[in-house]
Amino acid sequence: MPKSKRNRPVTLSKTKKKGREHKESIVNSIRDAVEKYNSIYVFSFENMRNLKFKEFREQHKLTSRFFLGSNKVMQVSLGRSAADEIRPGLHKVSKLLCGDSGLFLTNLSREEVERLFNEYEEYDFARTGTTATETVELKEGPLEQFTHEMEPFLRKQGMPVRLNKGVIDLVSNFVVCEEGKPLSPESSRILRLLGTKMATFRLHLICRWSPEDFELYREGLDESDVESA
């Protein structure tokens, strides 16, 4: 019987080499893109949805390039100080790559980029731990939106339900979630069943760099903060 490939030992040196090569590939891709595109933006994101982001990226692949991943690798690509930056002023961009952020390199005009990012919003179901944006309470009585087969599942989510002539009855009022409080796993499941979307995937511009100038979008920051960061 042939040996399973899963049981083959992999030396640590090989995994380290692969990781290093992957990082070097990203660095080279970003540096190539810097030469290709007219301007560079740092953006942040909230409630990331990979599929939605992939669609957004595909829509603009002819004029732009997105990079997400290790902030440290992206910083190294651009240069982390004035001494090692690959283009004048890019160390300012590098210093703003922190937290949930990414790079957007593009040939689109500043006005078009600002419009795209400001208008972009995608609603989705909230995940466990997300802060509820509203209080959702179900009133006592029949839950006709659910079929009778759902009764055991709803009971497992903590809902006080019972079957009454093939219809699920809510025995008493039930608070699914409260505004301002994190969602439990049970709450997020119930909201999905109800079709209630509480998460909004958004992208926010932080700064813009071009060979001619540098602009900050985030309130409370000025160039001296970036220089001294």
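In what follows, Ala, Val, Leu, Ile, Met, Phe, Trp, Tyr, Cys and Pro count as nonpolar, Asp, Glu, Lys and Arg as charged, and the others, Gly among them, as polar. With that in hand, welcome to a short tour of this predicted model.

**An enclosed space**

The model has 1 cavity of 30 Å³ or more, and the largest cavity holds about 40 Å³ of space. Which elements give two or more residues to its lining? They are helix H1 (12-36) and helix H3 (71-78). The lining consists of Ile26, Ile30, Phe67, Leu68, Gly69, Ser70, Val73 and Met74. Sorted by class, that makes 6 nonpolar and 2 polar residues, with no charged ones.

**Strand E1 and its partners**

Next comes strand E1 (residues 39-46). Is this strand enclosed or open? Of its 8 residues, 7 are buried, so E1 is largely enclosed by the rest of the structure. Two strands pair with E1, as the table shows.

| Partner of E1 | Sense | Bridges |
|---|---|---|
| strand E3 (residues 101-106) | antiparallel | 6 bridges |
| strand E10 (residues 199-209) | antiparallel | 7 bridges |

Individual residues can be picked out on each side. Serine 39 has threonine 106 of E3 as its bridge partner, while glutamate 46 stands opposite arginine 202 in E10.

**Aromatic rings**

How many aromatic pairs are there? The count comes to 12. One of them joins tyrosine 41 and tyrosine 217, whose ring centres are 6.5 Å apart and whose planes make an angle of 25°. Because planes under 30 degrees apart count as stacked, this pair is a stacked one. The two tyrosines come from distant parts of the chain, 176 residues apart: tyrosine 41 belongs to E1, and tyrosine 217 lies in the loop between strand E11 (214-216) and helix H8 (223-228).

Are these two residues buried or exposed? Tyrosine 41 has a relative accessible area of 0%, so it counts as buried. Tyrosine 217 is partly exposed, with a relative accessibility of 24%.

**A charge over a ring**

The charged end of lysine 197 sits over the ring of phenylalanine 125, at 5.4 Å from the ring centre.

Key. Residues are numbered from 1 along each chain as its sequence is written. This is a predicted model: local features need pLDDT of at least 70, side-chain atom pairs count only at pLDDT 80 or more; totals for chains, interfaces and linings use all residues. Side-chain values use heavy atoms; hydrogens and water are left out. Rings of Phe, Tyr and Trp (its six-membered ring) pair if their centres lie within 6.5 Å; planes under 30 degrees apart count as stacked, over 60 as edge-to-face and the rest as tilted. Helices (H or I, at least four residues) and strands (E, at least two) are DSSP runs, numbered from the N terminus. Buried means under 20% relative accessible area, exposed over 50%, partly exposed in between (1.4 Å probe, protein chains only). A charge sits over a ring if NZ of Lys or CZ of Arg is within 6 Å of the ring centre and within 35 degrees of the ring normal. On a 1 Å grid over the protein atoms alone, a cavity is a set of points where a 1.4 Å probe fits but cannot get out, and a pocket is an open set with protein on both sides within 12 Å along at least five of seven lines; lining residues have an atom within 4 Å of a point. Grid points are joined across faces, edges and corners, and a volume is the space filled by probe spheres set on the points. Two strands pair if DSSP finds at least two bridges between them.
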